[in-house]
Amino acid sequence: MSSQASTSPSSPTSPAPAEASAADIDRACRAAAAAAAAFRARPAQARAELLERIATELEAEIEGFAQTIPRETSLPEARARGELARTTGQLRLFAAVVRAGDYLGVRIDHADARRSPPRPDLRQYRVPLGPVAVFGASNFPLAFSVAGGDTASALAAGCPVVVKAHPGHPLTSDLAAGAVRRAVQACGMPEGVFSMVHGAGHDVGRMLVEHPLIAAVAFTGSFAGGTALARAAQARAEPIPVYAEMGSVNPMFVLPGALARDPAALARAYLGSLSLGAGQFCTNPGLVFAQRGEALESFCTALAEAARQQPAQAMLGAGILAGYRAGTRRVSEGRGVHLAAAGENAGDRVAPQVFRVGAEDFLAQPKLAEEVFGPTGLIVEVDDAAGMPELARALAGQLTATVHAEAGELEQHAALVAALEGRVGRLLFNAFPTGVEVCHAMVHGGPWPATTAPNSTSVGTLAIERFLRPVCYQDCPDALLPEALREANPLGLRRLVDGRWDAPATH
């Protein structure tokens, strides 16, 4: 557990925490496992109240977050306040999901003695997996970290959580963990419902994933980190699922009509998305596919002018800065690659850089399609937009892809849309991917290597399903059934009964 288990708001000047030992990790996992049955048995209302209380406790720490996040991550105070609002909003959204009960996925098929062979009485719903290990992200110290979406959805599902704090913002993590602990205590939940451990190296994360009492893993970060955790999880005596979101280059396909309409405005909007937050978003649009011609030249001219005016920004930390510089160098040294636009770097602060390359050279150098975590983009020039579907199919799995098109163009390029649907979790039209709405319909996921689980999402209410599994009861006496499956529907749930949705009971 965290070395600073305070029960009151933490000070942003607290000393850096100590590395968790194997004994610390074992205690946290055992506490989570001990709390699992009692937490699962609590009524939905109690879990919803816990999520809402966490949101309230986090809001009480707003001034601490506003001071600590900029100091630890170089993110501005406005970002800290905005991210807190997103974090508390998703906690309250999951509270509403828990109260509604649809996430239980209740399905009932009554017995049918007239059928040959007779059909038994079958009733299905979803149960929590058990303790979940959540890994905090570097670039979202609140929304994808200690009390972020993974923790919110796991708690909503009825799973205790053990968080590994990200070493890039340990004091912010302690502030958030203190808020969660106070909420757990105020709601009378078992103490093991939430724990946190610190660790700057790989050993803490590996030991956490390998612990036999951990039932699932949620991770947001690098491809190397996510795949290492997935391998460790599969090597266990009892393998467990790893839901790792590992980034993406988020290609943008600009059809000729959209490019010709106002190339300067499109260039400015693209640069704004590319450089938002110093390009440190997993939805950063790192690739642009466009047809050669006068409109593309106008786009590049406007892009160069906008880049010169774009101020340099600080990155999250020295390691991320070094990775960004190495990635940008890899792109710039590619065969046939030329600089299209660049701002002026200022010491360790970075300005956007955008390069150009022909489609043939791009396809011949797979490294050019790899993510650069930061404000670097690559324009891939095609001779004819009709060849874009082939380029889309050549890409690896992505979190997002975007198509910019005039009204009539989409019908002419239906093959491009179909190709992209097979490569992404979210497909945008005439928009930019930076910005992930927390709602019911959002998908923040995608095929490998964007994630390890293409059938899931880490943002939006569908995220709760990652930490649930279906169980079927056959011919079970009604009195022994879980309340969600009983004939009288005492919880008032919306249920699929004999293939038809029934109406919730009224209370």
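This is a guided tour of one predicted model, stop by stop.

**Before you start**

Residues are numbered from 1 along each chain as its sequence is written. Because the model is predicted, local features need pLDDT of at least 70 and side-chain atom pairs count only at pLDDT 80 or more, while totals for chains, interfaces and linings use all residues, and side-chain values use heavy atoms, with hydrogens and water left out.

**Stop 1: the whole chain**

Show the whole chain as a cartoon. It has 16 helices and 17 strands; these are DSSP runs numbered from the N terminus, helices being H or I of at least four residues and strands E of at least two. Along the principal axes, the C-alpha atoms fill a box of roughly 75 × 65 × 45 Å. A compact globule of 507 residues would have a radius of gyration near 23 Å, and the 25 Å of this chain agrees with that. The radius is taken over C-alpha atoms, and the globule rule is 2.2 Å times the number of residues to the power 0.38.

Of the 507 residues, 54% count as buried. Buried means under 20% relative accessible area, exposed means over 50%, and partly exposed lies in between (1.4 Å probe, protein chains only). Contact means heavy atoms within 4.5 Å. Among contacts with a separation of 6 or more, 76% are between residues 24 or more positions apart.

**Stop 2: helix H8**

Select residues 223-234, which form helix H8. Its 12 residues should span 16 Å at 1.5 Å a residue, and the end C-alpha atoms are 16 Å apart, which agrees. The expected span is 1.5 Å times one less than the number of residues. Which residues of H8 are buried? They are Gly226, Thr227, Leu229, Ala230, Ala232 and Ala233.

**Stop 3**

Next, turn to the second largest pocket, which holds about 530 Å³ of space. Select Arg42, Ala44, Arg47, Leu104 and Leu491, the closest to its centre of the 25 lining residues. Helix H1 (22-41), helix H2 (44-59), helix H4 (77-100) and strand S2 (122-128) each give two or more residues to the lining. S2 gives the most, with four residues. By class, the lining has 16 nonpolar, two polar and seven charged residues.

Some terms apply here and at the next stop. On a 1 Å grid over the protein atoms alone, a cavity is a set of points where a 1.4 Å probe fits but cannot get out, and a pocket is an open set with protein on both sides within 12 Å along at least five of seven lines; lining residues have an atom within 4 Å of a point. Grid points are joined across faces, edges and corners, and a volume is the space filled by probe spheres set on the points. Ala, Val, Leu, Ile, Met, Phe, Trp, Tyr, Cys and Pro count as nonpolar, Asp, Glu, Lys and Arg as charged, and the others, Gly among them, as polar.

**Stop 4: the cavities**

How many cavities of 30 Å³ or more does a search of the whole structure find? It finds two.

- The largest cavity has about 110 Å³ of space. Select Val249, Gly286, Glu370, Val372 and Thr376, the closest to its centre of 13 lining residues. Strand S12 (residues 376-382) gives the most to this lining, with three residues.
- The second largest cavity has a volume of about 80 Å³. Of its 14 lining residues, Tyr243, Ala244, Glu245, Ser458 and Arg466 lie nearest its centre. S7 gives the most to this lining, with three residues.

**Stop 5: the loop between S14 and S15**

Select Pro454, in the loop between strand S14 (424-429) and strand S15 (468-474). Pro454 counts as exposed, at 53% relative accessibility. Leaving aside neighbours within four places in sequence, Pro454 is in contact with Gly446 and Pro447. Pro449 lies in the loop between S14 and S15, and the peptide bond from Trp448 to Pro449 is cis, with omega near 5°.

**Stop 6: backbone exceptions**

Most residues other than glycine have a negative phi, and most peptide bonds are trans. Select Ser116 and Pro117, joined by a cis peptide bond with omega about -5°. Finish with Ala278, which has a positive phi of about 60° and is buried, with a relative accessible area of 1%.
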